[in-house]
Amino acid sequence: MLLIPAIDLKDGHCVRLEQGDMDKATVFSEDPGAMAAHWISKGARRLHLVDLNGAFAGKLKNESAIKSILKAVGDEIPVQLGGGIRDLETIERLLDDGISTVIIGTAAVKNPGFVQDACTAFPGHVMVGLDARDGKVATDGWSKITGHEVIDLAKKFEDWGVEAIIYTDIGRDGMLKGVNIDATIKLAQAIRIPVIASGGLSNNQDIDALCKAEEEGVMGVIAGRSIYAGDLDLAAAQKYADELTLKYKKKII
């Protein structure tokens, strides 16, 4: 079970939002590269970047901050990025710069064929981010709720070859109210590709529940406000997750 630190970028700074509200942003660092290095020092095995301005604008807006992070990370760990990715040229540029996996969100809902094209052009480097409220997918930086069901879209995208689905419960994101375990497991059970949980991670109880769901296909969880605010210590939490994973695997065997 991977705990994946999130670095959300707004106006070149590292921030955290409450329920995706750009007007409720808390700045945690003005040096994205230093923040990336900090999480690596704490044992991060992967980083999750989001260009928040890009998610609303429909094109990348924090490329200088992204490059500073990639420079700090080097080849140490994989880096995934979402927010404002709408064309194949952007994906190619990001992969050339050192991004390991791109995350297609709004464009996956509005233009599903784009996901298929991206998976064909860049196999192994595409994830889809499905952000939802009450099971309905949201787009445009969470500002618009669609009529699409999360599971229906996820099944379509897995057939096209995406690496994983990142599932975010909007109502819990940045609120430290706990991961929506039931919805995450339900999605993981419905598809064959891995699911990464997002939104609400707050304590070891969440980690325990997620580790129990690992055999269902939940491979990781995005860690945001909890590790920035100090509710969870990343190194200790990852160690705890590793111990639980081993424990539950032994029980299954």
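Which residues does the UniProt annotation "active site" cover? The unreviewed entry names Asp8 and Asp131. UniProt positions follow the numbering used here, feature names are shortened, and annotations may be inferred rather than shown by experiment. This is a predicted model, where local features need pLDDT of at least 70, side-chain atom pairs count only at pLDDT 80 or more, and totals for chains, interfaces and linings use all residues. Residues are numbered from 1 along each chain as its sequence is written, and side-chain values use heavy atoms, with hydrogens and water left out.

**View 1. The whole protein has eleven helices and twelve strands.** Helices (H or I, at least four residues) and strands (E, at least two) are DSSP runs, numbered from the N terminus. The C-alpha atoms fill a box of roughly 45 × 40 × 35 Å, taken along the principal axes. Of the 253 residues, 54% count as buried. Buried means under 20% relative accessible area, exposed over 50%, and partly exposed in between (1.4 Å probe, protein chains only).

**View 2. Asp8 sits in strand 1 (residues 2–10).** Is Asp8 buried or exposed? Asp8 counts as buried because its relative accessibility is 8%. Leaving aside neighbours within four places in sequence, Asp8 is in contact with His13, Cys14, Val15, Arg16, Val50 and Leu52. Contact means heavy atoms within 4.5 Å.

**View 3. Asp131 belongs to strand 7 (residues 126–133).** Its relative accessibility is 17%, so Asp131 counts as buried. The side chain of Asp131 makes a polar contact of 3.3 Å with the side chain of Thr168. A polar contact is a pair of N or O atoms within 3.5 Å; within protein, one must be able to donate a hydrogen and the other to accept it, and residues adjacent in sequence count only if both atoms are side-chain atoms.

**View 4. Asp11 lies in the loop between strand 1 and strand 2 (13–18).** Asp11 is not a glycine, yet it has a positive phi of about 55 degrees. Most residues other than glycine have a negative phi. Is Asp11 buried or exposed? Asp11 counts as exposed because its relative accessibility is 52%.
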